[in-house]
Structure formats: structure tokens, C-alpha cells
Amino acid sequence: MDLQTLTYIVVGITFALYIGIAIWARAGSTGEFYAAGRGIHPVANGMATAADWMSAASFISMAGLIAFKGYDASIFLMGWTGGYVLLAMLLAPYLRKFGKFTVPEFIGDRYYSQTARIVAVICLIVASLTYVIGQMKGIGVAFSRFLELDYETGLFTGMVIVFFYAVLGGMKGITYTQIAQYCVLIMAYTIPAIFISLQLTGNPLPQLGLWGSLEDGTPLLQKLDMTLRDLGFAEYTAQKGGTFNMVLYTFSLMIGTAGLPHVIIRFFTVPKVRDARYSAGWALVFIGILYTTAPAVGSMAFYNLAKTVQPGPIAEVDGALSYEERPQWFKNWETTGLLTFEDKNGDGRIQYRKGETNELKVDRDIMVLANPEIAKLPNWVIALVAAGGLAAALSTAAGLLLAISTAISHDLLKSTFAKGISEKSELLAARIAMAGAIAVAGWFGLHPPGFAAQVVALAFGLAASSIFPALMMGIFNKRVNNTGAVVGMLVGLGTTLVYIFTYKGWFFIPGTNMLPNTPDNHFLGISPEAFGAVGAMLNFASAIIVSKLTAEPPEHIQHLVEDIRVPKGSGAAVDH
Amino acid sequence: MSIWKYLFNLEERRNWWTRKMPDCPLRDYYEVDFPDKDSDWRQVDYLAVDYETTGLDQKTDQILSIGFTTVRGESLCLDDATHFLTKPTVEIPESSAVVHGILDDEAASAKPLEEALPILLSALAGKVMLAHHAAIEYQFLSNACKRIYGYPFIGPVVDTLALEVRAFRSRDKAIQSGDLRLGAARARYKLPRYPAHNALTDAIAAGELFLAQVAYRDGKRAPKLKDLTVIS
Amino acid sequence: MDIELLEIRDFLVAHHPFDQLPEDALNALPAKLQIRYFRRDASIPENGDLESELYLIRTGAVELHDGEDLLARLGEGDVFGYRTAAVEGAGDHNVSAIEDTLVYQLPAKEVDDLCNRYPPFAYFFRGKSGGRLRDAFATLGQEDNSQANQMTVPISEIISKSPITMLPSATIRETAEMMSGKRVSSMLIVDEKESLVGIVTDRDLRSQVVAKGLDYNLPISEIMTHDPLTADIGDYAFEAQLLMARQNIHHLPVTQEGKVAGMLTATDLTKHHTTSAVYLVSDIFKQTEIERMQEISAKVPQLLLSLASADATADSAGHVITAVTDAITTRLLQLAEERLGAPPVPYAWIAAGSQGRNEQTAKSDQDNCMIIDDSYDPAKHGEYFRDLARFVCDGLDACGYIYCPGEMMAITDQWRQPLRTWKEYFRKWIDQPEPKALMLTCVFFDLRCVYGEQNLFRDVRQFLLQKTRGNRIFLAHMAGNALSHQPPLGFFRNFVLIKGGEHDHTFDLKHTGIVPIVDLARVYALASGSEAVNTMDRLDVVAKGGEVSEDGARNLHDALEFISGLRIEHQAGQIRVGDKPDNYMSPDALSNFERNQLKDAFAVVRTMQNVLSQRYQR
């Protein structure tokens with residue numbers, strides 16, 4: 001069976017599985033009334049959370065970045081893992097005690113201000129939309145390869161499918177579907193990794209294989225460094241960016257996590273705080289499986305790529321691969337436009353080098369998907385990876401889109417601007433908002449301001465600069481009042497957006513950037529992706545200063561803030 | 001043939017046959033326009049038709065008797081109700097004789113199919129064929145035409161069985177086995193029980209059923225012919 | 001003629017006047033006929049011109065009307081149309097099919113032709129047909145009874161007492177003595193042949209005798225109302241009720257084949273309808289034995305039946321039937337207290353679930369609990385309350401309110417607790433909305449105090465509403481729970497039916513029709529902190545709370561009314577034919593119109609669920 005058919009079949013089966021589970025879950029719940037009432041085990045819930053959490057950025061893009069950036073890209077691992085822990089341990093339990101379901105609701109109530117609520121909604125929409133742009137890139141890559149189309153057409157197809165998935169599916173919230181998605185995703189990620197690790201190092205565990213040796217006895221990482229050096233790239237294990245930038249980058253990924261609506265909600269949909277903690281722990285384990293595999297996938301993929309295009313010694317002319325002899329996967333990816341070869345010196349051979357002489361352009365987001373093909377793994381593995389990529393992109397995109405559409409239809413319209421609208425209009429507004437968000441994200445997906453993981457990093461930065469400080473101060477500083485919070489959020493979001501747009505172009509429109517996006521031009525060497533942490537500090541500072549200058553929050557709010565920090569017996573106040 | 005079905009409509013195919021065919025009763029049939037499929041169903045004449053046959057295999061079995069009567073403007077007219085026996089070229093198998101009660105010696109005195117077909121075709125001209133499970137009537141007739149004139153029969157058809165299936169669907173009802181038999185369908189519309197297996201009685205039965213089915217159609221607009229036909 | 005039209009010929013020959021025709025005319029007749037089919041309620045013919053054809057009914061039935069007045073009902077084998085009306089002397093009349101009808105029609109000129117040629121045939125069209133029509137009316141009228149029976153109750157089912165009668169020669173005094181002796185407010189006056197000649201009521205005695213100072217020894221015939229209006233014992237109760245309302249009379253003699261069969265009073269009728277619950281209730285409070293209460297509660301299905309007959313709204317039916325349950329509960333508690341002594345500490349008996357919401361129907365199990373004052377000491381008082389709960393719950397079970405399969409009853413130790421424990425329960429359910437807790441909320445968030453110390457109940461209610469109001473995390477969980485039962489409406493607006501098993505090809509009106517609305521209303525009510533528990537009340541109240549739009553609430557209200565109405569009709573139908581009432585309805589049992597309306601109702605529920613799902617991202 002040829003690869004294309006097999007891919008259709010495997011993707012088809014996984015989709016049928018998700019839908020089947022959704023139907024089964026629905027049907028099951030309408031059964032006997034008294035039979036209901038069994039909970040979902042924290043392990044299962046952890047898997048579902050992990051599926052929610054791991055987006056196209058994690059699945060498709062992260063390993064690609066690691067492949068090309070090496071050690072520097074480990075900030076994603078640290079930032080995202082740390083952010084998850086921060087959210088689970090520090091923020092979620094308090095927010096939960098407050099009894100509010102969404103971040104804007106919390107901010108609106110805590111800062112006793114409709115304005116604060118609206119500003120929070122806007123911040124959330126901006127951050128979530130940016131996040132979806134990142135997913136769109138991943139979806140475009142996955143669909144263009146899977147359907148053997150060029151990237152644009154693949155993206156359009158993906159947009160339509162995401163819309164129907166998010167609107168009709170309602171598959172969000174069905175834990176068992178998400179568990180299935182996690183299983184598909186993790187199998188798709190680890191199985192090729194295991195095969196490749198076995199191929200290269202003989203060790204079935206990619207995490208260990210990374211530190212293992214090749215058949216000729218040289219350790220893999222050493223060999224990789226050597227290859228890269230030969231090709232003129234920086235060494236894989238070397239640190240390339242400034243340490244200051246890396247710290248800020250990591251921080252902004254960490255604290256940005258707290259502002260992303262689709263993750264926070266996971267902590268509220270579990271009945272008990274204790275269960276939430278357990279499932280957060282399990283989720284961390286399940287996320288860890290992918291995250292620890294990612295470096296191995298990245299480095300092995302790069303090694304294989306380099307070996308393929310440069311089978312012989314660099315010095316010799318026929319050491320480089322002849323374009324005529326390029327393998328099938330090369331051709332497939334060429335149709336998507338994400339892999340391009342330009343024969344600059346006219347020798348018909350692919351010179352993959354650092355600098356001007358480079359003839360091969362590889363979009364980093366294709367690495368994970370192309371990985372099994374490069375390694376010449378069996379077709380079904382390749383098909384499985386396509387299904388995994390789609391699962392990752394769809395599950396996260398659907399969650400975020402739902403959050404965006406709810407924010408618009410409920411938080412903005414129903415609760416603020418159009419209180420009397422009927423339920424039908426509310427639903428319609430939600431659908432339109434969702435379609436609008438997809439269209440906007442799709443447009444940006446055509447001109448992505450970076451690789452999937454980088455765009456997602458921008459989203460985290462925006463959330464970090466606007467939402468996180470408002471949440472932190474809402475819980476831990478009773479003196480911060482409504483004006484302070486609103487000013488803080490606006491300052492944080494504003495500065496971060498301006499900084500990002502300065503280097504990435506206004507509204508990400510290519511060519512409108514005021515400064516070239518290179519480390520030399522960055523303010524203090526801070527990359528736009530890392531600026532979220534700075535934005536957050538500005539947010540904190542302005543909020544606290546403004547609050548000091550204006551009236552104290554009302555007494556009942558101050559009591560409320562004290563109450564949620566009291567660890568136990570918060571209900572004692574209302575008991576008598 | 002099959003692919004042409006999708007490329008040309010019935011009227012176009014009728015014109016095609018008329019041009020191609022030598023002079024024969026079938027050609028006379030084709031020379032009359034088919035009823036306009038967009039006309040109100042009441043403006044159209046139908047011929048309720050039924051045969052008794054030696055069996056159900058349209059390739060080998062033959063027509064033994066033909067009964068038909070006209071449905072015109074919401075009523076079933078009995079003035080041209082016709083019934084005659086046709087002479088089969090084979091012996092009547094006992095299994096079918098039990099059903100329709102036509103015996104060999106009776107059939108022997110009947111019209112040969114060459115004489116019978118023109119009567120039916122001229123009655124059908126300009127009308128819509130109406131039968132219960134019309135595929136059988138249609139195919140037997142078409143095969144007979146091919147055998148005798150060398151060309152197939154085509155024409156618009158209303159099938160009361162198909163209408164009954166639609167009625168079930170539109171009411172979200174499950175169809176049980178036997179529900180679609182002529183007698184069972186008629187009983188649902190409170191139509192009287194008739195003894196089965198006489199070609200004319202069955203034709204009348206199908207005609208009455210058709211009137212009942214149309215009376216039971218929902219919707220303000222009177223149906224058009226194309227809403228009722230299976231082939232048009 | 002074709003011998004094959006024999007079937008039609010045979011039908012003709014079996015029916016007058018065609019049986020008068022000679023063989024050859026008969027044989028030629030079928031070819032002259034046209035056959036037409038008319039759907040029920042269609043007029044025959046469409047243009048109303050009856051004079052151009054003679055119609056013979058092959059199957060079905062028709063009604064002949066002259067304007068408003070019913071002239072006749074005709075059935076199979078009857079003729080109408082050309083020449084028949086003139087003889088009736090009724091002038092213009094119109095005919096409509098009351099059943100699906102197949103007719104043979106014969107053109108007027110053929111009829112004339114036959115009449116000219118065959119005098120016996122023509123004779124039919126002269127004069128004698130009046131009686132024939134009347135016969136047809138009589139027979140059809142009776143047949144019709146059986147069908148209409150399903151809609152209403154005949155008088156015979158309401159009157160029970162054998163009639164008390166006097167002869168016209170009896171004196172006024174004798175009559176009055178008899179009336180007071182038998183405790184009746186009216187007396188029928190009959191002659192020796194038991195046929196009715198008059199009626200005397202209390203009011204006649206007052207206005208004719210006492211007020212005018214008439215001699216008590218005059219015969220009663222002096223003051224009686226002669227030849228009063230009567231009803232036949234086969235008439236429907238509602239017809240009698242209409243007659244009485246129209247004539248402003250309160251007593252209606254009932255006759256059977258011309259003889260007096262009884263007396264129908266306004267009280268009989270009202271007793272039979274909604275107010276019959278009041279009688280049941282007052283009856284209940286007179287009882288001291290559970291066995292007697294059992295007999296009374298066995299009448300609940302009949303009560304539902306009469307409510308359905310009286311076209312009571314589902315909402316009022318729910319209230320009425322729940323009132324009976326409340327009465328039985330209260331009476332059982334009174335009896336228990338008589339037996340066990342006064343309660344050592346105050347307590348409140350709480351109805352939960354459908355009883356709490358005032359939404360019971362014929363088939364209900366018991367959901368209840370007990371809130372005891374905080375001074376409750378399990379060691380000292382535990383036994384008393386356990387016995388109390390056991391007595392009441394057993395009593396309810398004996399009365400047909402079977403034990404709750406989820407054990408949500410006061411008999412379960414867990415649900416017979418002091419106030420503080422209840423508050424602890426609610427705190428836990430609200431703070432940790434586990435599936436089990438959410439399941440319980442469906443029952444224990446719909447509470448109503450039936451008996452005992454109201455303040456205990458108010459305390460709990462206030463506590464829980466305070467905790468739920470605006471608690472969006474809890475509400476999100478409730479919303480998730482409210483979405484677990486979805487209306488049986490497919491993607492293409494088709495019904496999704498249960499396949500296989502005992503209830504093949506049906507849908508569950510309760511769990512997929514009513515429960516989703518009840519659940520939605522509960523979420524809305526808890527979100528706005530409303531005290532209402534009845535679903536209709538909740539929907540009326542919450543529209544102001546902002547959780548749901550006014551339009552949305554009204555639509556849900558209408559949808560619930562419609563679906564519960566269907567359920568009551570469905571159950572009443574089952575009770576009538578002696579089946580156990582259930583909630584499984586086949587779409588085949590509905591008319592097309594009802595089906596569409598039901599789909600609309602389900603679609604409303606689906607929209608509201610989608611909004612909830614969208615808002616809480618469940």
C-alpha cells in the first residue's frame with residue numbers, strides 16, 4: 001500500500017476513534033440515572049490535560065527548533081515545564097477558591113470593575129489568538145504534507161477542518177476523546193523516536209540513546225557537533241544566545257502559562273482541589289514523556305538530515321547529494337514549498353552549509369513530520385506521525401478557539417455590551433467569533449511571524465505581560481485596586497506588543513518592522529519572544545504605583561483577598 | 001444505456017427513439033409527448049397497470065394477463081378498464097398458476113403478445129405508468145418491446161411502493177417486513193380488501209392506493225408530477 | 001363488461017338501491033363508475049357540488065351538515081349526493097369525510113337513466129330515506145362512542161347512586177322528608193312506568209313552597225319542573241357539563257332507554273375533575289389505617305386520567321398529584337407521631353426531587369429527607385427518628401411510592417441528619433462537585449418542606465443558595481451535568497430512537513425530554529440564587545437574573561409544557577387501557593403536527609444546552 005493511502009487510512013481511523021468515543025461517551029451518559037456518578041481517575045485526567053497542553057508547537061515545532069538551535073532551544077523545555085508547575089501549585093488553587101471559572105471573571109470581580117474585566121478579555125483574546133496563529137502554522141504544515149498540497153492550500157484545508165472540529169465536535173470537554181488524542185500523539189512521537197534511536201545507537205529509549213554512541217563508537221552528540229562544525233554551523237551543544245535573554249525567555253514562557261485560558265480551565269473542571277493536584281502531577285509526567293524525547297528527536301533528525309544530504313566528506317565534490325538522486329521524501333516536501341533547493345553553484349548537488357553558499361532551505365517545523373521519512377521508517381510509522389501532528393494541533397486549537405469565542409460571545413457581548421441578546425444570537429455570535437478567529441489566525445498562518453514554537457512563545461509573552469501580574473496581584477496584594485490593575489494590564493500588553501511589532505512588523509505584516517530582527521538590534525539583547533517578562537515587570541510596577549496614588553480597594557474586596565489565601569476553613573466566615 | 005440515463009432526460013431519449021425507430025406500435029407510443037414533469041399532478045393522466053406473469057424473472061418469464069385502467073384528475077375511471085390474457089410461448093409453471101389461476105388452455109385462447117402490446121402501448125401513450133412495485137411492470141414491458149420491436153420501452157413511472165417508502169420516511173416510521181405489500185399499504189389508508197392476483201383488480205387497487213397516497217401528502221402546494229415519479 | 005370488475009359489481013349488488021337493478025344493468029354499471037379517495041376532514045367533493053354525481057361509500061364514513069347542524073353520518077354502503085338531498089328537504093348541505101373514505105361516483109345522467117329504466121331503483125330516491133339516514137346516524141354514533149371514549153369520561157362512570165324517585169302524586173311534605181332523609185338536594189319525579197315527568201330541587205322548595213306559603217299537602221307535581229332537560233347515560237360528562245353551564249342548572253337527570261338512571265349534579269362533575277384531588281386529600285386526612293390510604297392512593301392514576309380528560313395543564317396536573325403525595329406524607333407523619341409520641345427535638349420533613357418540585361406524575365418513587373434540629377443527640381433521639389422515618393417511608397412505599405433506588409430517603413441514615421450535617425453536606429457538594437455529588441444535587445437541590453419546622457428548612461436553603469449564587473466553578477460542573485441528558489434529536493432534526501430491547505423504536509420522554517429542561521432550570525435558579533424549585537416557577541423567575549434571556553426562558557417554559565403535556569396524555573392513554581404508565585413514547589403515536597412541535601421543543605432545549613456548553617466550555 002502506498003504511503004498516501006496509508007496516511008489517509010491512519011488519519012481516518014484516528015478521527016473515527018475520536019468521534020466514536022465522543023458518541024459513546026454521550027450515549028453512555030444518557031443511560032441509567034443512578035449508574036452515573038463514577039469519576040474520572042486522575043491518571044486519565046492527567047492524560048487529557050497533557051493532550052490539551054501539548055500543541056502543534058510542542059509536537060511539530062519544538063524538536064525542529066532543538067534540531068537547529070541545539071542547546072538554546074532547551075528554554076522551551078524549561079519554560080513550559082516550569083510554567084506548568086507554577087500554575088498548578090501557585091495560582092490554580094487560589095483562583096479555584098475564588099469560585100470563578102474564567103480569568104476575566106476573576107479579574108472583573110477581584111478588581112470590582114467591568115473595565116478590568118473587559119481589558120482582561122482583550123488581553124486574553126490577543127494572547128489566545130497569537131497562540132492559535134502558532135497552531136495554524138503547525139496545521140498548515142501537517143495538512144500540506146498529509147494531503148500532498150502546497151503549504152497555502154494545506155493551511156486553508158486545515159482551517160476549514162479546524163472550524164468544523166471546533167464548532168460541531170464539541171469534542172472538547174470529553175475527557176476520553178482527549179485521552180485518545182494523547183495516546184495517538186504520544187505514540188506518534190515516541191515510536192519513530194524509538195526506531196531511530198535503535199537504528200542509530202541500538203538503545204530503544206531515545207532519552208538514553210541521545211547520550212549513547214553510534215555504531216562506530218563515537219558518542220552521538222559528539223558526532224553531531226562534529227558534523228555541524230564541518231558544515232560551518234555552531235556546535236549543537238554550545239550556547240549561542242545571551243544568558244540574560246535566555247533567562248527572560250524562560251521566565252516569560254513560565255509565567256505566560258498562567259494566562260492561557262485553555263490550561264487554567266483544566267484545574268476547574270476537576271471536582272476536587274486534591275484531584276486537580278494529582279492530575280496536574282500526572283499531566284506533568286505525560287508531558288515529560290514528550291518533552292524528554294524531544295531533544296533526542298531533534299538531534300537525531302538533524303543528524304539523519306545531514307547524513308542524507310551530505311553522505312560523503314565535505315571536502316569531496318561528490319560528498320554532497322546529487323539533486324537528481326534526492327529521495328522521495330525530499331520531493332514530497334518540495335511540493336509543500338517548505339523545503340527548497342536552489343542550485344547556486346550549478347553543480348547539481350545539494351550543498352547544505354552555513355552562510356551564503358547554502359543551497360538548501362529547510363523550514364524547521366517540518367523536522368518532526370519528516371523525521372521518520374528521512375530515517376526510512378516503514379510507511380505506517382510515517383502515517384502515524386501525520387495523525388499525531390493533527391491530533392496535537394486540533395486538540396489545542398479547538399480548546400483555544402472555544403475560549404476565544406466564549407470570551408467574545410459571553411464575556412464581551414452577553415455580560416457587557418448586549419445584555420439582552422437571546423441564546424440563539426449568543427450561539428451565533430460564538431460561531432462567528434470562532435470563524436473570525438480562524439480566519440485571522442489563518443491569515444497570519446500564511447505569513448507566520450516565526451516558527452510555530454516561536455509564535456507560541458510570543459503568545460506566552462503577551463499573556464505573561466498582561467494577565468499573569470493581574471492574577472498574582474489579585475491574589476497576593478490586597479492593596480492593588482481597579483485603576484492600578486487596568487493600567488498595569490494595558491501597560492504590560494502595550495509595551496510587549498509594541499516591542500514585538502517593532503521587530504516582527506506591525507501586526508506581523510512582513511516588511512513593516514522598524515528594526516531588523518537580529519540580536520544586535522535587540523534592546524539589551526532581549527528577543528521579542530523574551531520580552532514578555534519585561535512587560536510583566538512593567539505591569540507590576542505601574543499597577544503598584546498607580547494603586548498607591550489612588551483610593552484603596554473597598555473593604556470587602558480586601559477581606560476577600562485575605563480569605564482566599566487562608567489555606568483551610570475559608571468557609572468558616574459564612575458558617576454561622 | 002445506464003450512462004445515458006444520467007446524461008439525457010426522458011423527453012430527450014423519447015425524441016431520440018422516435019427518430020431512430022421504424023414504424024411500429026412502439027413508435028406510435030413514442031410519438032406522443034410524455035406528460036410535462038413540472039405540471040400539477042392532477043393535470044396528468046395515469047394508467048394503472050398490472051400483469052400476471054409466469055414468474056418474477058424478467059429475463060425468462062412472460063406476461064400472462066394485462067389489466068389497466070385510467071386515473072384522471074383525482075379519480076379512477078373504470079370506463080376504459082381493460083383486462084385480457086396474453087398467450088405465453090412457454091407452458092405456465094404450476095407454481096405460478098396457483099397464484100393467478102390462469103391455466104394453459106385458457107391462455108391458449110388468449111391474444112398473442114404481438115397483438116396485446118399495441119393495446120397497452122396505445123393506452124399508455126401520453127400517460128404515466130402507475131403500478132405497485134413498478135419496476136416489474138416496467139421491465140417486463142421493456143423486455144417484451146425489445147423482443148418484438150427491437151427497442152426498449154421508456155416512460156415516466158409512478159411507483160406506489162416507492163411513494164409508500166417515502167411516506168414512511170417522512171413520518172420517521174420504521175418499515176417492517178410486509179408493510180409495503182399492496183394489501184398492507186392499502187389497509188393503512190383504510191382502503192377495502194380486494195382479492196389479489198387478478199391483473200385488473202390489482203391495477204385498480206394500485207390506482208386507489210395512489211389517490212390515497214396523494215391525498216395524504218403533506219404540504220400546502222399540490223405536488224407536481226416530478227414529485228411523484230420514480231422515472232422521469 | 002369485464003368480468004374482472006366483479007369485485008365492484010359484488011359490492012354494488014350488496015347495497016341498496018343497487019340491489020334493485022337487474023343483472024345486465026348491474027354488470028354494465030362498474031364501467032360507468034369513477035373511484036375517488038378522500039382523506040379525513042376533506043370535503044366531498046372539493047367544490048361542494050353534490051348534485052352532479054351520486055356517491056356510494058365503499059369504505060370510510062362521512063358527515064352531512066346543513067350549515068352548523070349535523071344531518072347524518074353515513075358509512076360503508078350508504079349513498080349521498082345527486083337526488084338524495086332533495087328528499088331530505090334540507091336544502092344545501094355539505095359533506096365531509098370523518099374517516100379516510102373511498103367512494104364510487106356515478107354521474108347524474110347515469111342515475112337519471114337508471115331511474116327512468118328501473119322503477120324499483122327510482123323508488124329509493126323517493127321519500128323513505130329519512131329513516132335510513134337516521135339509522136345510519138344511530139349506528140355510527142355508537143361506533144363513534146368507543147373512539148371518543150378515549151377523550152372523555154361517559155356519565156355512567158361518574159354517577160353511582162341509584163336514583164331516588166317519587167311519584168307525582170306524593171305530597172310536597174313527603175318529598176321534602178325523603179330529600180332530607182336521603183341527604184339529597186333534588187328529587188326526580190317519575191310515573192308508574194318509571195319514565196321521568198319532572199324534577200324538584202331544594203331551590204324549588206324554597207322559592208315555590210316556603211316563600212309563597214304553599215300548602216305542604218299539595219301533590220309535588222304542582223311545583224316540580226315538568227319535563228326537565230336530561231342527559232343520556234352514554235353521554236360524555238363534558239357534554240353534560242356544557243349543558244348545565246349553558247342552562248345554568250345544577251342538577252341533570254340521567255336517563256337510560258327512557259327510564260330514569262340517576263342524577264348528575266355539578267358536584268359530581270367538579271369532583272371528578274381537578275377538585276377531585278381536594279376530595280382525595282380531605283379523604284386522606286380522615287384515615288387512620290395505611291390500608292385505606294393505599295386505596296386512596298390507588299386512585300392517583302384515575303386522577304391523572306381525569307386531569308388529562310379535563311385538559312389540565314401539565315403544570316397544574318403536577319401540582320395536583322403532588323398535593324396528594326404531600327397529604328399522604330403529612331398524614332403518615334401525623335400517625336407516626338401519634339404512635340411514637342411527640343418529637344423530642346424539632347425536625348422538618350423535606351420532599352426532594354420531583355415531589356419537591358411539585359412535578360409528580362402517575363409513576364413516581366419517593367425522594368425525601370429529614371432535617372433535625374442541631375440539639376439532636378443520636379444516642380438519645382436516634383431511635384425515635386429512625387422509627388419515624390421507617391414508618392413514613394414504609395407507608396409511602398405501601399401506598400405505591402416505591403423506595404427510591406438511589407436510597408435518597410429519610411430512612412437512610414445519611415439523609416436523616418441534624419442541620420449542621422446538612423450544611424456540611426451542601427458545602428462539600430458545592431466545593432467538591434464530584435460526579436456522585438452532582439447526581440445528588442439533582443435531587444437535593446429541589447427541596448420543599450412538607451411537614452415540621454419550616455425554619456430548619458429555610459436555614460438550609462439559605463445556606464446553599466448563598467454558596468451557589470455566582471459560584472461559577474460549581475455552576476460549570478452543574479452545567480456539565482445538565483448536559484448529560486440530551487434531547488433525542490439527531491443532526492438532521494430526526495428523532496433519535498431507542499433501538500432494540502423492551503422499548504424499541506421509542507424515545508424516553510422523561511430523561512431526554514423533561515429532565516434536560518429541569519436540569520437547565522436548576523442551573524439557572526442556582527446561579528441567580530432563586531428559591532423557586534418548581535421548574536416552571538424557576539423559569540419564570542430566572543429570566544430576570546441574566547443567566548438566561550427572557551426569550552430563552554419563555555421558550556423553555558413552552559417546551560416543558562408541551563413535552564409534559566404529551567407525557568400526561570401518553571400515560572393517561574396507558575392507564576386507560578390498563579397498562580403500567582411509563583415514559584417511552586413512539587413517534588408513531590404522534591400526529592405530524594405534534595411531531596414537528598415536539599422537534600421544535602427539543603430544538604429549543606438543544607440550543608439552550610449548546611449555550612451552556614459554550615459558556616462553561618463543557
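## The interface between chain C and chain B

Contact here means heavy atoms within 4.5 Å. By that criterion, in what is a predicted model, 26 residues of chain C are in contact with 31 residues of chain B. The size of an interface is often given as the accessible area lost when the parts come together. For chain C and chain B the buried area comes to about 2500 Å², and carbon and sulfur atoms give 52% of that area.

## Elements on the side of chain C

The side of chain C that touches chain B receives two or more residues from each of α1 (6–13), β1 (34–38), β3 (53–59), β8 (101–107) and α24 (592–615) of chain C. Of these elements, β1(C) gives the most, with four residues. Sorted by class, this side of chain C has 11 nonpolar, four polar and 11 charged residues.

## Strand pairing across the chains

## An enclosed strand within chain C

Within chain C, strand β19 (residues 448–452) is largely enclosed by the rest of the structure, because four of its five residues are buried. Strand β16 (residues 347–351) of chain C pairs with β19(C) in the antiparallel sense, over four bridges, and C:I350 stands opposite C:C449 in β19(C).

C:T325 is found in helix α14 (residues 314–340) of chain C. Its relative accessible area is 1%, and since a residue counts as buried under 20% relative accessible area, C:T325 is classed as buried.

Leaving out residues up to four places away in sequence, C:T325 touches C:Q355, C:Q360 and C:Y401. Two of these neighbours are also polar partners: a polar contact of 2.4 Å joins the side chains of C:T325 and C:Q360, while the side chain of C:T325 makes a polar contact of 3.2 Å with the side chain of C:Y401.

Note on methods. Residues are numbered from 1 along each chain as its sequence is written. Chains are lettered from A and ligands numbered from 1 in the order in which they are written. This is a predicted model: local features need pLDDT of at least 70, side-chain atom pairs count only at pLDDT 80 or more; totals for chains, interfaces and linings use all residues. Side-chain values use heavy atoms; hydrogens and water are left out. Buried area is the accessible area (1.4 Å probe) that two parts lose on being put together, summed over both. Ala, Val, Leu, Ile, Met, Phe, Trp, Tyr, Cys and Pro count as nonpolar, Asp, Glu, Lys and Arg as charged, and the others, Gly among them, as polar. Buried means under 20% relative accessible area, exposed over 50%, partly exposed in between (1.4 Å probe, protein chains only). Two strands pair if DSSP finds at least two bridges between them. A polar contact is a pair of N or O atoms within 3.5 Å; within protein, one must be able to donate a hydrogen and the other to accept it, and residues adjacent in sequence count only if both atoms are side-chain atoms.
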